Every structure is written in C-alpha cells, then in structure tokens.
Amino acid sequence: MELLSKIATNDGHGENSAFFDGWKAYDSDPYHPTNNPNGVIQMGLAENQLSFDLVQEWVKKNPKASICTSDGSNGFKDIAIFQDYHGLPEFRNAVARFMEKVRGNRVRFDPARIVMSGGATGAQETLAFCLADPGDALLVPAPYYPGNDRDLTWRTGIQLLPVICHSSNDFKITRQALETAYKKAQDSNIKVKGLLLNNPSNPLGTVLDRDTLTESLKFTNDKKIHLICDEIYSATVFARPNFISIAEILQENADCDRDLIHIVYSLSKDLGFPGFRVGIIYSYNDSVVNCARKMSSFGLVSTQTQHLIASMLSDDVFVDRFLSESAKRLGQRHKILSRGLSQVGIGSLKSNAGLYCWMDLRRLLKGPTFESEIELWRMIINDVKINVSPGASFHCSEPGWFRVCFANMDDETVMVALNRIHKFVIQTKGSSSDGINRKQYGRSKLEISLSFRRLDEIMMAPHKMSPHSPMSSPLVRART
Amino acid sequence: MEFESGNSQLLSKIATSDQHGENSPYFDGWKAYDNDPFHPTQNPRGVIQMGLAENQLSLDLIEEWIKKNPRASICNGEGLHAFKNIVLFQDYHGLPQFRNGVAKFMAKARGGRVSFDPDRIVMAGGATGANEMLMFCLADPGDGFLVPSPYYPAFNRDLRWRTGVQLLPVMCQSSNNFQITKQALEEAYQNAQKANIKVKGVILANPSNPLGTTLDRTTLRSLVTFINDKQIHLVCDEIYAATVFGGPSFISISEIIEEMESINRDLIHIVYSLSKDMGLPGLRVGIMYSYNNTVVNCGRKMSSFGLVSSQTQHLLASMLSDQEFTDKFVLENCTRLANRHEMFTQGLEEMGIRCLKSNAGLFCWMDLRHLLKEPTFESEMSLWRVIISDVKLNVSPGSSFHCCEPGWFRVCFANMDDETVKVALGRIRMFVGQRKDVEVQVKKSWHRNLRLSFSSLIYDETMASSPRIMSPHSPLVRATT
C-alpha cells in the first residue's frame with residue numbers, strides 16, 4: 001500500500017519543472033549593487049515594490065492600526081480571539097470600498113459578498129472546489145499565470161484547458177478560440193464548468209476591452225458555465241485604455257445570469273502586500289458565497305492583519321493618493337524598461353498594466369521552437385545574468401516570448417539590467433551572421449542540467465539567501 | 001436558502017453536500033446564544049456561552065508583553081524599519097525566527113523533554129488547515145482514518161469535506177474512562193477491512209477534546225505499536241498541549257518515539273496551533289510537524305493555500321523567542337486553568353454532578369446521565385434543549401462529539417470571568433434542585449419556551465442577509481469550537 005496520497009506523490013505542485021533553474025541561478029548568485037554587482041538580477045518576480053514609502057508613512061502616522069502599539073493594544077484581546085469567518089466588518093467594508101475606488105467608483109461592491117481566503121492562491125482553489133468536480137475543466141486563455149496549474153488543479157482534481165491566443169492579434173481572446181477550446185473538450189467528453197480570465201493579464205500586462213469582456217460573458221452565459229475573473233492586477237493599470245471590471249460589464253448586461261460570475265482579488269500586487277496573505281473571493285452567487293465562506297476556515301486572514309488593512313483602506317485620502325501615485329510610478333518604470341529594450345530592437349507587447357513586460361525575443365531564437373527558447377533562456381540566465389520567465393512556462397503557444405518584471409527593484413538596478421541586455425544584444429549581432437554563436441555561449445558557468453532536480457533537497461539545505469531577498473526563490477513563493 | 005436542482009448541478013458535489021457540518025440541529029444552541037447573549041449588566045438573564053473552547057484567561061499577559069515590546073510590531077516606530085521586508089515576505093518556509101520560536105515553544109510545552117527541528121515546522125491556516133493538509137498528503141478520496149470517539153466535531157469538516165477521506169470512529173466507553181483500548185482499535189480496523197475501506201492511519205487529539213484528559217504512556221506506546229505493525233500513519237493533534245494544568249504530565253508522541261525502537265518515523269505527524277494554548281485563534285497560526293521528509297516538503301507546498309500572515313509571524317517570532325516571557329506564560333496559564341477547573345468542578349460536585357477526571361483542556365466532560373429520562377440520545381437532546389432554554393447555558397451534547405453513550409456534555413470554562421462562572425454554577429444549582437420533580441416540569445417548559453425545530457436550519461442566509469445580530473463570538477462561524 002502506498003504510504004502517501006496520490007496528491008502528495010504527483011507533480012501537481014508544479015515545482016519539478018526545468019524552469020526553476022532560473023530561480024536557482026538567482027538564489028546561488030543574487031545581484032547586489034556593492035556586494036555582488038555581477039550577480040543574477042531577479043526579473044522573474046512580479047512584485048510591486050515601488051510605493052512602500054507611502055505605506056510606511058501612513059503606518060507611522062496611524063498607530064491605532066496596529067493592535068500592538070500602545071494606541072491600539074486595548075483592542076488586542078478582541079482582535080486576537082475573533083475568528084468569525086465573516087471577517088471583521090470593518091475589514092470587509094474597507095476592502096469593498098477599495099475595490100470600488102480601483103474601478104473609479106463605477107460599480108458598487110457588497111461587503112457581505114466579500115469572502116476571505118489564503119491569498120489569491122487560496123481563492124482560486126476554493127472557487128475550483130465550489131464550482132467543479134474532479135475531472136471537470138476550466139478554460140483558461142494562454143499564455144497564463146503558471147501558478148494556476150497548482151492552485152486550481154492540484155488538490156481539486158480538475159483540469160485546465162488552454163484557449164490559444166496568438167501574437168498575430170496581440171494575444172486577444174477571440175470568440176472563435178473560446179468555441180474551439182470548448183468543442184475540443186466536448187469531443188473528449190470533458191465537462192467544462194467555466195472560463196477563467198485574468199484581467200489585467202499576467203503575463204501580457206494588457207487589459208481586456210469591452211468587446212472581449214462582453215463576448216466572454218455571452219459565451220459563458222450561453223453555455224451556462226461559470227466566469228471567474230482574477231482581477232488581482234486591477235490597480236496596476238498605469239495608462240489607457242482604462243481598466244474595465246467584469247463587475248461593470250455585469251451592470252451593462254442585466255439579463256445575464258449573475259450566479260455564474262465570480263471575482264478573485266488580493267492585495268498582493270496592487271498594494272504590494274504578498275506577505276499578508278489577503279485573498280478575496282467576491283461572488284454574485286449566494287450559494288458560492290456561503291460555501292466559500294465555510295471553506296475560508298482553511299485560510300482566513302489573520303485578524304491582526306484584517307485590523308491593519310481595515311484601518312488603512314478606510315482612509316480615503318491615503319487610498320486616493322496611493323492609487324494615483326502607484327500607477328504613476330509603475331507607468332514611469334514601464335516606460336524606462338520598454339524604451340530601454342526598444343533601443344536595442346527588442347519589442348514588447350504594448351501594455352498598460354501589470355508589473356512586467358511581455359518581451360518579444362523571437363528574432364533572437366535560432367529557430368522558432370521551444371527548444372530554442374529554452375536555450376536562449378539559459379543564455380540570458382548564465383551570460384546576461386538576468387532571471388526572466390520564458391513564455392513556455394506560461395503555456396504560450398508561440399516560442400520566443402519572455403516575461404520580464406520591472407517593479408521589484410530600484411532605478412539603478414533597472415539601468416544595470418538594461419545595460420546588460422544592451423551588451424548582450426550587441427554582442428549577439430556582432431557574432432556570426434547566422435545568429436547566435438552557439439560555441440560562444442554553449443557552456444555555461446553554472447552547468448545547469450536539463451534533468452529535473454529534486455528542489456526540495458535544496459530547500460532543506462541551510463539557507464544561503466541574499467540579504468536582499470528575504471524570500472529566496474519564488475519556487476517557494478505563494479505567487480510569482 | 002434552498003438549493004434549486006439547477007443550482008446544484010451548477011456547483012460542485014462538495015459545495016452541495018452537507019459535509020461542512022453546519023446543517024446540524026446542534027447549532028440551535030449557538031443560535032440561542034446569539035439571539036440572547038449573557039451580559040452581567042445589560043443582559044444578566046441571557047444565555048451563557050459555555051460551548052466555546054477558548055482560552056481567555058491569560059491574554060493580559062500577552063497584552064503586557066506587547067506593550068513592553070514595540071519592536072514586535074512592524075507598525076511601530078521601532079519595528080517599522082522591518083515593514084517592507086516583512087510585507088514582501090511570502091516564502092512558504094516562513095520566517096526562520098518564527099519557526100525557531102514555534103519550535104522552542106513546542107519544546108517548552110513538553111517540559112523541555114524533547115526538541116523540535118524548525119525545518120520540520122510547516123505553516124497552515126490554523127489547525128483547521130493543518131488537519132486538512134495532512135489528509136491531502138496521506139490519504140486518497142475514499143480512504144479512511146480511525147478516530148477515537150468522542151472527538152472534536154469539526155474533524156468531520158476539516159478531515160473529510162474537501163478531501164473525500166472517511167472517518168471511522170473507534171468507540172471508547174465510560175466504563176474505563178473513555179480510554180483507547182487496543183481491542184477497540186483492532187475492532188475498528190477489522191470493520192474497515194470488511195467494508196473494503198483502506199485505512200491510512202489513526203488521528204486523535206492529545207490532550208483530548210472533549211475529554212480533557214491526556215493519554216498515558218501505555219496507551220501511547222500501544223498506539224504506536226498498532227500503527228507501526230500495520231504501517232499506517234499516526235496524526236496527533238496536540239493543540240491543547242500547554243493547557244495541561246495538573247497531573248499526570250503531558251506526554252507527547254514526540255517523546256514516545258524517542259523511547260521506542262524500530263518505529264518507522266515516516267508515519268508520525270503532529271498538528272499544533274496557538275489558538276488554544278495561547279488563546280490567539282484570530283491569528284490563524286496552524287502548524288504541521290512531520291517526521292516524514294516527503295510530507296514536510298509536500299505540506300510546505302500546500303501551505304501556500306494558508307500561510308500565516310508575515311505580520312503575525314513577525315509578532316510571534318519576537319514573542320516566542322522571549323524565553324523569560326514564555327516560561328512565565330506557560331506556568332501562569334496552567335495555574336489559572338487549574339484554578340478555574342477546580343472552581344468549576346468543585347461547584348458541580350456540590351450539586352452531585354460529576355465530571356470525568358481531567359487534567360487538561362478548556363472544558364469539563366460532564367456526566368449528566370442521571371438526569372436523563374432514559375438512556376437514549378433523544379433524552380440527551382431533550383435535556384440539552386432544556387439546559388439551553390431554561391438553565392440558559394450553551395453546552396455541547398455528547399452526541400455532537402460522536403460519543404457512543406448518551407448523557408455526557410462538554411462544558412467550557414475558560415472563555416469567561418470568575419463572576420460569570422459563579423452565575424453559571426448558580427443556575428445549574430437551581431436547575432438541579434428543580435429537577436427533582438423532573439417529568440412534568442420538563443415537558444411543560446420545553447414546549448413553552450422555545451420553538452426549536454428539528455429540521456436543519458441553514459444559518460448562512462440569516463447571517464448574510466440580516467444586519468449582524470450575531471455576537472462577534474458566535475462559534476457557528478468560528479474556525480474551531
């Protein structure tokens with residue numbers, strides 16, 4: 001008899017993937033401006049570190065927000081014993097209000113529909129448990145966030161079926177692609193229970209336009225399947241076109257079945273608080289709200305954190321300022337990176353949101369294959385010494401695309417990264433006219449093997465983390 | 001709200017099952033409390049909440065520590081410089097100082113007789129999350145886990161609901177003080193075999209909820225031998241470890257495996273939390289500690305679904321590494337629990353109500369068999385409804401813990417102040433006195449006071465739609481009870 005479960009012994013956690021070599025390279029040799037200026041720069045991590053000063057300033061001025069300060073500690077007992085899975089009312093109110101502001105107050109959110117979860121990671125899993133049985137499927141437009149595989153399928157037993165999107169139309173989701181994916185599932189006797197959209201998109205950094213959203217809504221409504229919108233990057237929109245939430249589309253299409261609509265949210269990206277594990281499920285379906293709320297016992301938000309967030313997000317002045325300043329800084333950073341890339345002929349998908357660019361390196365591939373993509377990727381890690389994420393890890397159907405994150409570092413590091421990229425591209429152009437000289441870049445200093453390493457063993461070893469990454473590889477991060 | 005048939009196909013089987021456990025008539029007790037909560041001045045005749053296993057006796061010690069240690073908060077001037085690093089920290093290994101602090105505290109709760117490896121500490125969303133996580137790691141849907149009864153009601157949800165694992169009770173009897181016998185284990189195991197259910201392990205709470213007792217060395221060794229012979233897992237939920245207030249001393253599974261030879265440690269797992277020992281259920285600090293490396297690694301990946309907030313990790317890392325504080329806390333906490341237990345059980349004894357002799361936990365296992373009209377569960381429910389509606393105490397009937405004998409009730413004593421305990425005892429005294437003219441009185445008052453129905457009520461609708469009448473402490477909605 002097997003000692004452990006199937007779940008424990010399968011690969012559903014997604015970590016036995018060759019892609020983690022990039023993280024490993026960073027962990028073994030992390031960049032530091034003075035201590036290790038030749039180290040690997042981490043650009044595979046979608047974190048928003050640009051606006052902390054604003055938050056810290058607010059926290060300094062608002063000691064009551066902490067149950068640990070002398071101002072707040074009289075509330076300590078009530079907070080410490082509160083384990084009601086509805087959450088602190090002030091927390092739910094503040095989150096609802098924040099979500100409204102992010103959508104320009106064009107919609108209202110009912111605090112009674114706000115359900116907590118263990119990060120967006122937990123929210124996705126909980127929704128999968130509520131909406132689908134083992135073997136059922138969700139359609140997901142590709143390229144998509146790699147963590148979806150683990151979050152939605154690992155312990156739930158459901159499957160993800162990609163909806164292929166192409167660069168030829170900027171990876172837009174077409175009705176035809178949706179129908180094709182749906183039919184393919186039908187033909188294989190797989191029950192499709194819903195469609196998962198990520199808007200704004202990771203890894204594309206684009207927002208869905210009104211037509212696509214409406215079309216997706218019609219598609220799911222026609223087929224009577226669920227529509228889950230992961231809007232985790234909603235407040236990272238830094239330029240036009242404006243973000244349109246499914247909540248707004250719902251308002252415009254009153255005759256569709258609201259019981260099919262669910263939103264996933266979190267404070268990890270918009271505010272830059274991944275450590276706080278604030279995941280939110282917002283469903284228009286009462287049964288789902290009730291069921292998810294019971295399930296939230298498996299991943300409630302610490303009341304200490306609920307209390308802090310409630311305080312912070314109900315400060316309208318702070319929130320308004322934060323949202324506008326954060327978007328501005330993201331826009332500036334995005335401009336620096338995308339311009340810097342285009343200066344050496346590297347294009348990226350035109351984007352207006354997210355914490356990354358979707359970089360087009362197709363012309364640097366030896367051939368239009370995923371093997372070439374991996375090869376190029378290893379070169380980027382070993383020689384350019386930047387950790388970026390290859391498109392294949394996002395289930396992109398076309399090789400040559402790479403996601404490069406820009407919001408988890410300071411200005412100087414961005415310049416260092418750009419300089420390295422410039423050098424690499426120039427050297428590449430300067431080598432053999434056929435493209436990249438394989439011999440020159442063939443042997444890497446780090447001898448990264450293609451075999452699947454047991455990363456767990458590495459994790460169990462004493463930590464050699466860089467002082468600047470309190471977290472080591474995002475292998476171990478809740479979300480990348 | 002009733003599920004329409006269309007709706008039930010729309011959602012998963014898990015979503016439309018009753019396995020979350022809340023559609024149970026037992027929640028009438030909670031409802032009675034929520035509608036009419038006791039308050040010493042504002043509502044002195046309200047229902048006293050004694051169905052909630054919370055440790056509120058020593059929070060002042062924690063509050064005092066916090067006041068003296070501003071660095072522990074990332075929001076405070078001194079701790080603020082750590083804010084950025086902490087708020088970004090989502091590494092599922094957890095803050096090293098947090099894991100070290102928890103490991104030290106766990107060792108302390110076991111009198112320093114064993115030590116714990118911080119690298120085996122895995123976070124979870126409360127013990128609720130830790131228990132579920134272990135099931136996902138150890139068993140496939142349809143597999144079974146033996147669980148000695150009476151047991152904590154929420155095991156049904158935590159261990160079964162989303163995992164598909166079955167729970168197979170191991171009957172324990174009052175005749176030997178509900179001790180777990182080898183015979184009972186074997187019998188339950190054989191029954192499972194006959195029913196073609198693959199038994200993957202045994203899960204139990206030690207100290208026990210609802211019994212309040214600790215397992216003796218013989219029983220523990222017997223358990224380990226049992227699971228080792230069959231090469232099945234042993235999960236020990238030691239959530240009440242530091243609530244042991246009297247002899248015999250607590251013996252943890254971690255001590256037993258040091259003493260025994262040829263035990264396959266890959267079978268041994270501990271669940272822990274700070275919700276009971278420290279009285280911090282809101283902070284959602286669940287811990288899985290496994291001696292099996294694969295389970296640690298797998299659990300750690302799963303912990304992404306329920307990590308402890310880094311803000312909370314930071315606070316606790318600081319608190320739990322203050323050895324002087326934790327020494328003082330563990331000692332003082334036990335003293336206060338002992339005093340409260342003594343006060344309560346003494347009071348009960350004076351009215352001829354006995355409790356199972358216990359040395360741990362936040363509750364007593366009260367023997368009210370002599371007050372039953374008949375030795376049946378119907379009578380138990382009947383008596384229970386009277387206790388709620390007439391004595392106006394919310395206690396938990398033994399059947400909700402899957403006790404095989406009617407007449408036992410769990411009554412919690414650590415979630416209130418001394419005065420309230422006295423009020424509760426006073427009410428019980430009056431009730432017992434009146435109870436002498438049992439039959440006629442009981443029937444009358446039951447019909448008169450409360451229109452409690454036997455049909456299952458779905459409370460979420462009430463909770464969601466009406467403005468919150470609920471007390472903030474309604475355990476209907478609590479992660480654990």
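Residues are numbered from 1 along each chain as its sequence is written, and chains are lettered from A in the order in which they are written. Since this is a prediction, local features need pLDDT of at least 70, and side-chain atom pairs count only at pLDDT 80 or more, while totals for chains use all residues; side-chain values use heavy atoms, with hydrogens and water left out.

**View 1. Chain B as a whole.** Chain B has 18 helices and 13 strands, taken as DSSP runs (helices H or I, at least four residues; strands E, at least two). Of its 481 residues, 64% are buried, meaning under 20% relative accessible area with a 1.4 Å probe, protein chains only.

**View 2. Helices α3 and α13 of chain A, side by side.** The axes of α3(A) (residues 52–61) and α13(A) (residues 316–343) come within 10 Å and cross at roughly 160°; axes are lines fitted to C-alpha atoms over the stretch in contact, with angles from 0 to 180 degrees between N-to-C directions. The two helices are therefore roughly antiparallel, the term for angles over 145 degrees. On the α3(A) side, Asp53(A), Leu54(A), Val55(A), Glu57(A) and Trp58(A) meet Phe318(A), Arg321(A), Phe322(A), Glu325(A) and Arg329(A) of α13(A), where contact means heavy atoms within 4.5 Å. The contact residues divide into 5 nonpolar, no polar and 5 charged.

Notes:
Buried means under 20% relative accessible area, exposed over 50%, partly exposed in between (1.4 Å probe, protein chains only). Angles under 35 degrees count as roughly parallel, over 145 as roughly antiparallel, 65 to 115 as roughly perpendicular and the rest as oblique. Ala, Val, Leu, Ile, Met, Phe, Trp, Tyr, Cys and Pro count as nonpolar, Asp, Glu, Lys and Arg as charged, and the others, Gly among them, as polar.
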